[in-house]
Amino acid sequence: MFHHCTLVALFGLALAALPAAADAESPLGPSDPVAVTIPAPDSLRLRILPSGEAAGGTTWYYAGRPYGSESLVHPFRMILNGGLGILQFDNRNNELSSLDFHTGMRNVRMNLAHPVRAIEVEGWWAFFQREIIPISFNTDNAQYWPNYTLHLIGGGMSYAMMGEWYEQHGYSRPRVWAGFTLAAYHVLNEVVENNDYVGPTTDPVADLYLFDPAGIVLFSHEGVNEFFSRKLHLVDWSYQPAYDFARGTIENQGQNFSIKVSVPRTDHWSLFYFFGTHGEGGLTYTKSNGSAFSVAGGFRAKELVDVTAQTKTVKLVPSVGFFYDREGSLLFSAMWSNTSRYKTRVNVYPGLLRQGRFSPGMFLALDRGGEAVFGVDLRLTDWIPLGIAFTK
């Protein structure tokens, strides 16, 4: 119990580190390809671990595979994918210089310092109905959905996965490092979402005070990890973020997860669910060698829109996707959605294509107007987990 409380307290430490508000007045007042091994320096090379095993104990979500999405797991990449994921929406500017970090940070801090005042603006029932109790399927009142999927389940799984990553990379106190990584990711997410908004909002209150700490506690239990890892086959299938130096934009960022549940009385078929700022359901066919092909359809968040002055929701549009993975590590994905930005997005992960000794990660995205964004991640160093993007 003490261990869990200590981990949850990391969120408080991260929040306390936020700069104090510049103004004394609170804004809350009335006013089948063959896998390849990527050459790497000996200090960075990981031993390929059998599924379910790790140096020092059991691994649930990170086995050190040198190919696919798992080869890209990294704390900085998780912070970028999760913290800046909202910038892939059509009505958000993905130029980093356009972000008002100061105002967003100040507003998050103010709402966390006065959570009761933020909640009472629209009332406790509205807060519980929108943020906590899953009783409405209306998107205007279903802010609880990302709270459960991305913060409770996704955040908890990310905490466990990062703990395994730090452990396998030789860090002492890996769960403490994982807690700080998760706190940084979620605080950045709230700051970017607030951006230049000043006023009461309950979203950071629900996320940072309830669902994120609950995810840490939940996924600190081996039984929970066994269920999500072995029964639901929950894995991280995040994108490959890249920076466009010419335009100053962050491209192809976003944290995603997939779940597969075996269909009874079959050896090869599974129900499939792919989710992040979207949700697509479908089927997976898995071959005997561990290669799997999935197709899915559903809805993707197109824009962040205001429900009230204090509450936001998302506008959903249809989306479909095709995926190829090996032993749960994603090698290829192709997504189509009825959005203006990233209407078509194709990601090729390390291990699928090879040129000489290199097997880079790559992506190609097309918007509704035909503009193309291409990116490549050569993984030249383990400490710059960001690719380079070009726009044409």
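Contact here means heavy atoms within 4.5 Å. The model is predicted, so I note that local features need pLDDT of at least 70 and side-chain atom pairs pLDDT 80 or more, while totals for chains, interfaces and linings use all residues. Residues are numbered from 1 along each chain as its sequence is written, and side-chain values use heavy atoms, with hydrogens and water left out.

I then listed the buried residues of H5 (residues 124–132): Ala126, Phe127, Arg130, Glu131 and Ile132. They lie on the same side of H5, because they cover an arc of only 165 degrees around the axis. The arc is taken from the directions from the helix axis to the C-beta atoms. Buried means under 20% relative accessible area, exposed over 50%, and partly exposed in between (1.4 Å probe, protein chains only). Helices (H or I, at least four residues) and strands (E, at least two) are DSSP runs, numbered from the N terminus.

**Asn225**

I looked up Asn225 in helix H9. Asn225 counts as buried, at 2% relative accessibility. A polar atom of its side chain lies 2.9 Å from the backbone oxygen of Phe219. Leaving aside neighbours within four places in sequence, I found Asn225 in contact with Trp60, Tyr61, Ala160, Phe219 and Arg230.

**Positive phi**

I checked His233, a residue other than glycine, and found phi near 55 degrees. His233 is in the loop between helix H9 (222–231) and strand E1 (235–236). His233 is partly exposed, with a relative accessible area of 35%.

I also checked Asn252, which is not a glycine and has a positive phi of about 60 degrees. Asn252 lies in the loop between strand E3 (249–251) and strand E4 (257–262). The relative accessibility of Asn252 is 0%, and the residue counts as buried.

I followed the pairing of strand E6 (residues 278–286) with strand E7 (residues 291–306), which is antiparallel over nine bridges. Two strands pair if DSSP finds at least two bridges between them. Gly279 has Phe299 in E7 as its bridge partner. E6 and E7 form a hairpin with four residues between them, and Gly290 in the turn has a positive phi of about 95 degrees.

I next noted that E7 is joined to strand E8 (residues 312–326) by 15 bridges, again antiparallel. The bridge partner of Glu303 in E8 is Lys315.

Notes. Polar contact = N/O pair within 3.5 Å; in protein donor to acceptor, adjacent residues only side chain to side chain.
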